[in-house]
Amino acid sequence: MSPIIFVLDNNPEVLKTIEQDLKKQYGDNYRLIFDEACSNALEVLKKLKDSGETVAMLLSDQNMPNMSGVEFLKEAKELFPDAMRVLLTAYSKKEDAINAINEIGLDYYLMKPWDPPEEKLYPVLDDILEEWQSHNSQKNTSGIQVIGYQYSKKSHEIKEFLSGNLFPFKFFKTESAKGQELLKKYGASGKRLPIVILEDGSCLERPELADLGEKIGLKSQASAKFYDVAVIGAGPAGLAAAVYGASEGLKTLLIERHSPGGQAGTSSRIENYLGFPSGLSGAELTRRAITQAERLGAEFLTPQEVTEIAVKGDYKIVKLADGSDVRARSVIITTGVDW
């Protein structure tokens with residue numbers, strides 16, 4: 001069943017316009033449900049929940065009779081806590097929307113009118129739905145399974161590496177019933193822990209991070225020898241540098257020895273990042289930044305460590321831990337204080 005976008009607005013003309021715009025952009029991938037009354041809408045949502053349906057986004061007008069849009073979204077949140085919540089409001093009611101960010105965890109508010117939708121509606125909703133899809137796919141996937149001793153340094157290293165690179169996984173203690181079941185199922189002796197079982201069924205015993213990264217689709221070797229810019233460190237500053245470099249048409253390489261995001265990537269909620277009034281998690285900021293950098297053409301290597309930087313003529317030679325090297329006209333070091 002396709003996920004649902006649920007829209008509420010008591011103005012028939014506005015609802016008709018929303019319906020036309022949303023069907024044009026999202027009709028192929030989402031089921032669209034429209035309603036004009038809060039009480040009826042809540043009943044519909046209860047039936048959808050009882051039927052096991054999935055609601056991706058709730059979009060409500062603020063100026064509703066008997067119950068405001070914020071009040072509706074608050075009640076709807078109890079039924080579908082994972083749905084993205086968007087408020088449609090006029091400029092004069094903007095304060096209500098801002099207050100709702102703290103009150104109900106509003107994800108976004110849209111101002112009326114939104115014409116043309118290609119500029120003022122679709123980019124916003126695309127971004128919101130992409131975030132929902134990211135969280136939903138991680139929640140529903142079986143992901144990677146790790147079996148090891150809970151307080152093992154190697155187990156912690158692998159768990160931190162997977163979570164830092166935004167790969168969902170489940171950890172099972174070696175002595176647990178599930179851990180023993182998996183060791184037996186995959187024929188692992190349990191002598192070389194931790195064991196990592198990938199989604200394709202392959203089993204890695206005590207893998208090195210570079211080997212694990214390669215198996216899960218990360219890239220640790222550069223595709224070219226020469227770059228305009230090499231950025232060392234993929235925290236927020238490094239990711240920003242890669243985005244700016246690539247956006248200017250520079251051949252950009254981003255190198256990270258462990259996982260992107262830096263200290264900010266571990267934050268459960270960042271409230272003071274420019275352009276995100278409702279805040280976002282460090283993982284979400286990292287995901288967006290990597291996607292943006294790669295979309296613009298930046299190349300991202302991880303896990304890969306820089307061991308030395310030398311100067312030769314107009315180029316800087318960046319030597320890597322695997323013995324290879326790349327050359328760049330400019331090198332930007334954004335590793336923080338521990339490099």
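What follows walks through a sheet, a helix pair, a pocket and a cavity in a predicted model. Local features here need pLDDT of at least 70 and side-chain atom pairs count only at pLDDT 80 or more, while totals for chains, interfaces and linings use all residues. Residues are numbered from 1 along each chain as its sequence is written, and side-chain values use heavy atoms, with hydrogens and water left out.

Take the sheet to begin with. Six strands make up an open, mixed sheet, ordered E12-E11-E10-E15-E14-E13; strands (E, at least two residues) and helices (H or I, at least four) are DSSP runs numbered from the N terminus, and two strands pair if DSSP finds at least two bridges between them. At the edges sit E12 (299-301) and E13 (306-312), each pairing on one side only. On average, neighbouring strands are turned by 40 degrees against each other, direction ignored. Within this sheet, E10 (residues 226-232) and E11 (residues 252-255) run parallel and are joined by four bridges, with Val-231 standing opposite Leu-254 in E11. Helix H10 (residues 236-247) lies across E10, E11 and E15 (325-333), at about 170 degrees to E11; axes are lines fitted to C-alpha atoms, for helices over the stretch in contact, and angles run from 0 to 180 degrees between N-to-C directions.

Elsewhere, H2 (residues 38-50) and H3 (residues 69-79) have axes that come within 10 Å and cross at roughly 10 degrees. In contact terms (heavy atoms within 4.5 Å), the H2 residues Cys-38, Ala-41, Leu-42, Leu-45, Lys-46 and Lys-49 meet Phe-72, Glu-75, Ala-76 and Leu-79 of H3.

As for open space, the second largest pocket holds about 620 Å³. On a 1 Å grid over the protein atoms alone, a pocket is an open set of points with protein on both sides within 12 Å along at least five of seven lines, a cavity is a set where a 1.4 Å probe fits but cannot get out, and lining residues have an atom within 4 Å of a point. Of the 27 residues lining this pocket, Met-84, Asp-107, Glu-131, His-135 and Arg-269 lie nearest its centre. H6 gives the most to the lining, with nine residues.

The largest cavity is lined by Ile-18, Leu-22, Leu-59, Leu-88, Leu-110, Trp-114 and Leu-121.

Notes: Grid points are joined across faces, edges and corners, and a volume is the space filled by probe spheres set on the points.
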